[in-house]
Amino acid sequence: MSTAVEVTLMVNGERVSAAVEPRKTLVDFLREDLALTGSHVGCEHGVCGACTVRLDGAIVRGCLTLAVQCDGAVVETIEGVSDSGEIADLQQAFERRNALQCGYCTPGMLLTAAELLKSGEVPSREAIRAYLSGNYCRCTGYHAIVDAVEAVARARAGQVGVGEAQ
Amino acid sequence: MKPAAFAYAKARSLDHAIELLGTREGARVLAGGQSLIAALNMRLDAPPLLVDINGVSGLDRIERPDGQVEIGALVRHAQALGSQVVARDAPLIARALPHIAHPAIRNRGTVGGSIAYADPAAELPACLLALAGEVDITGPAGRRTVKADDFFLGLFETALGPGEILTAIRVPAATPQMRCGFAELARRHGDYALVGLAACARADGAGLRDSRFVFFGVGATPVRARKAEAVLDARGFDGLDEAVAALADDLHPEDDIHASGKAKRHLAGVLLRRVVREMQDPWA
Ligand SMILES: Cc1cc2nc3c(=O)[nH]c(=O)nc-3n(C[C@H](O)[C@H](O)[C@H](O)COP(=O)(O)OP(=O)(O)OC[C@H]3O[C@@H](n4cnc5c(N)ncnc54)[C@H](O)[C@@H]3O)c2cc1C
Ligand code: FES
Ligand code: FES
């Protein structure tokens, strides 16, 4: 049988120590043990992207990473990047453009878009779609999401204000 | 779904990993987890022990030994995609990488895991075979090297034995004469291919020599189209129609939920035309 394993990791800037069962995925650990329910669980096999979180600075599937693998790691969730204000402009653009309806996909979409925009370049709409291809949205039809990401990329590059790029 | 219970051990070194694998029958290597954990979540698999090799140092390097490119087993797809060495010296692999899954999965999934898992619709096994590459393996009996031609044995079946770990793959570095081509058809960006083709050959005047055209998604393993290769080697680009016709002997795709075998064979011909044209005029 599996015995619980002690792990210590940083979650949204706070040090967390816990004993976890090996079979517990990172997203279940965040939601159930730490009550960070912003990361969602959809398919549980890597297809939908609802569980996207950052692990050591890069986005990963929370459902395809085990919590025990995160000993010594730095994890950031939608709660962390919301509190820090890092993606406030993306969040505002999503709201303004109706790029979310039920909101189930939104935390994953935002973290994925944030990684795409990290370089500071303005990606083509095609590149935005390709980068978001692993994040499913059952509500919006994606168009508004691509609009929002594009608007923020332009605004960050100083091309046009997020509010103006309607 | 949630996985069945299993034990977990983190290996400190390659020797330690091999030792740990020997402690339980059915113990499994955990690399990127992007195929394995999905299978555990779906309860398609229930190994008693996972041996995590992510802490083993030295397996995440991309190196350039004489005339070759060596990619460590733990190199992530995203790391390979960002590598100048891969872009310059292993252009076929660089072409294939963006087709693998999605950014979050590429950040975690490993080159070694892709080869070891040997999904018949995966890109990298086909590239390794097209490039006539080789695989380094370490196990309880020591180290060995296996040619790509001898590595892919059947559906998800490879030359890796129990307790063995794939440590690196090696492919010949690109030369000015080398031509390679890649194309795949998938329903959505990042999905496994419906049908794909990875190809490599040596340009010889207006023709091709030593060509290796490897289709994926059309059988239990990546499949070399040997008759089509022979036609192209003998007749060069003029033989394209004949080579496409030869695929009827080379490929025997079965019907699956995505497409009929007949449709797949047709698509294989479409890809062969695209890829041969690309190899004919690499600067186009
Ligand atoms: C939604 C989704 C879409 C995907 N799309 C594609 C795609 O289009 N193309 C594609 O090629 N892949 C795709 N993948 C799979 C992805 O590329 C995986 O990264 C890869 O197949 C396995 O690599 P891994 O490092 O994650 O291996 P793991 O999942 O850790 O392991 C897979 C298997 O290989 C064994 N293994 C791993 N490493 C070693 C080693 N070094 N030595 C011995 N055995 C080892 C494990 O024991 C296990 O049995 C997709 C995955 C998902 C979830
Ligand atoms: S829940 Fe992880 S990808 Fe769907
Ligand atoms: S807003 Fe409902 S799934 Fe995207």
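**Entry 1: the two chains**

I started with the interface, where 27 residues of chain A are in contact with 29 residues of chain B (contact means heavy atoms within 4.5 Å). I noted that this is a predicted model, in which local features need pLDDT of at least 70, side-chain atom pairs count only at pLDDT 80 or more, and totals for chains, interfaces and linings use all residues. Residues are numbered from 1 along each chain as its sequence is written, chains are lettered from A and ligands numbered from 1 in the order in which they are written, and side-chain values use heavy atoms, with hydrogens and water left out.

Next I looked up the area buried between chain A and chain B, which is about 2400 Å², with carbon and sulfur atoms giving 57% of it. Buried area here is the accessible area (1.4 Å probe) that two parts lose on being put together, summed over both. On the chain A side, R23(A), L64(A) and Q69(A) lose the most area to chain B, together 27% of what that side buries.

**Entry 2: ligand 1**

Where does ligand 1 lie? I found ligand 1 between chains A and B. There are 35 residues around ligand 1, and V29(B), G33(B), L36(B), T110(B) and E123(B) come nearest (a residue is near if one of its heavy atoms lies within 4 Å). By class, I read off 18 nonpolar, 13 polar and 4 charged residues in this shell. The classes are Ala, Val, Leu, Ile, Met, Phe, Trp, Tyr, Cys and Pro as nonpolar, Asp, Glu, Lys and Arg as charged, and the others, Gly among them, as polar.

I then went through polar contacts, meaning pairs of N or O atoms within 3.5 Å; within protein, one must be able to donate a hydrogen and the other to accept it, and residues adjacent in sequence count only if both atoms are side-chain atoms. A polar backbone atom of V29(B) is 2.6 Å from an oxygen atom of ligand 1. A nitrogen atom of ligand 1 is 2.9 Å from a polar backbone atom of L166(B). For S35(B), a polar side-chain atom lies 2.8 Å from an oxygen atom of the ligand. Ligand 1 taken alone exposes 960 Å², and the protein buries 93% of that (Shrake-Rupley method, 1.4 Å probe).

Helix 7 of chain B gives the largest share of the shell, 4 residues. Helices (H or I, at least four residues) and strands (E, at least two) are DSSP runs, numbered from the N terminus.

**Entry 3: T52(A)**

A polar atom of the T52(A) side chain lies 2.5 Å from the backbone oxygen of G49(A). Not counting residues up to four places away in sequence, T52(A) touches several residues, including I59(A), V60(A) and N135(A).

**Entry 4: E70(B)**

I finished on E70(B), which lies in strand 5 (residues 68-72) of chain B. Which side chain does the side chain of E70(B) meet in a polar contact? It is that of R170(B), at 3.0 Å. Leaving aside neighbours within four places in sequence, E70(B) is also in contact with A168(B) and I169(B), among others. The C-alpha atoms of E70(B) and V135(B) are separated by 9.6 Å, with the two residues 65 apart along the chain.
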